[in-house]
Amino acid sequence: MTVAPQATMSTTQQAADLLGVSRPTVRRVIDVGVLPAEKVGTRHRLLLRDVLEYPHQRRARRDEALAQTAVEIDEDDSAVLAKRRRTRGVDRSAAAGGR
């Protein structure tokens, strides 16, 4: 754990080390606009608070995407799925026996 003021600037390599990713990965995230950075000359500088917040934002985006793909299954659907599983089991055992 590092104790530092939240306004501390970091390099892309320092951000990569903190996030456990490669420096090119940090650059890609900056280039697509997900991780804000300031360009100083030819180098990017990132606020420490943005780097530390990035994993939380990424997790929230992932969880939201998963929630959007979730499907509720009612009892009728459960019966159909169970029937499909039984049918696949028969198909697989027939295929295995034919070898």
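**Notes on the fold and its buried residues**

1. Let me start with His44, which, leaving aside neighbours within four places in sequence, is in contact with Ser10, Thr11, Thr12, Arg27, Ile30, Ala37, Glu38 and Lys39. His44 sits in strand S3, residues 43–47. Its relative accessibility is 11%, so His44 counts as buried. Please keep in mind throughout that this is a predicted model.

2. Now the overall layout. The protein chain has four helices and three strands, and along the sequence they run β-α-α-β-β-α-α. Of its 99 residues, 13% count as buried. Among contacts between residues at least 6 apart in sequence, 49% join residues at least 24 apart.

3. Ser10 is one of the partners of His44, and Ser10 belongs to strand S1. Ser10 counts as buried because its relative accessible area is 5%, under the 20% cut-off. Apart from residues within four places in sequence, Ser10 is in contact with Ala15, His44, Arg45, Leu46 and Val51.

4. Which residues form the largest nonpolar core? There are nine: Ala15, Ala16, Val26, Val29, Ile30, Leu35, Leu46, Val51 and Tyr54. Helix H1 (12–19), helix H2 (23–31) and helix H3 (48–69) are the elements that each give two or more residues to this core. H2 provides the largest share, three residues. As general background, nonpolar side chains in soluble globular proteins tend to be buried together.

5. On H1, the buried residues are Thr12, Ala15 and Ala16. They lie on the same side of H1, because they cover an arc of only 100 degrees around the axis. Strand S1 (9–11), H2, S3 and H3 are among what covers them. Ala16 touches Val21, Ser22, Arg23 and Val26, not counting residues up to four places away in sequence. After H1 comes Gly20, with a positive phi near 75 degrees.

6. Just after H2, Gly33 has a positive phi of about 90 degrees.

7. Last, the packing of H1 with H3. How do their axes cross, and at what angle? The axes come within 10 Å and cross at roughly 35 degrees, and the crossing is right-handed. From H1, the contact uses Ala15, Leu18 and Leu19, and from H3 it uses Leu48, Val51, Tyr54 and Pro55. By class, this contact has seven nonpolar, no polar and no charged residues.

Notes:
Residues numbered from 1 in each chain as written. Predicted model: local features only at pLDDT ≥ 70, side-chain atom pairs only at ≥ 80, totals over all residues. Heavy atoms only, no water. Buried < 20%, exposed > 50% of the residue type's maximum accessible area, 1.4 Å probe, protein only. Contact = heavy atoms within 4.5 Å. Core = buried A, V, L, I, M, F, W, Y, C linked by side-chain atoms within 4.5 Å. Arc of directions from axis to C-beta. Axes fitted to C-alpha atoms, helices over the stretch in contact; angles between N-to-C directions. Left-handed = near helix turned anticlockwise from the far one by under 90°. Nonpolar A, V, L, I, M, F, W, Y, C, P; charged D, E, K, R; others polar.
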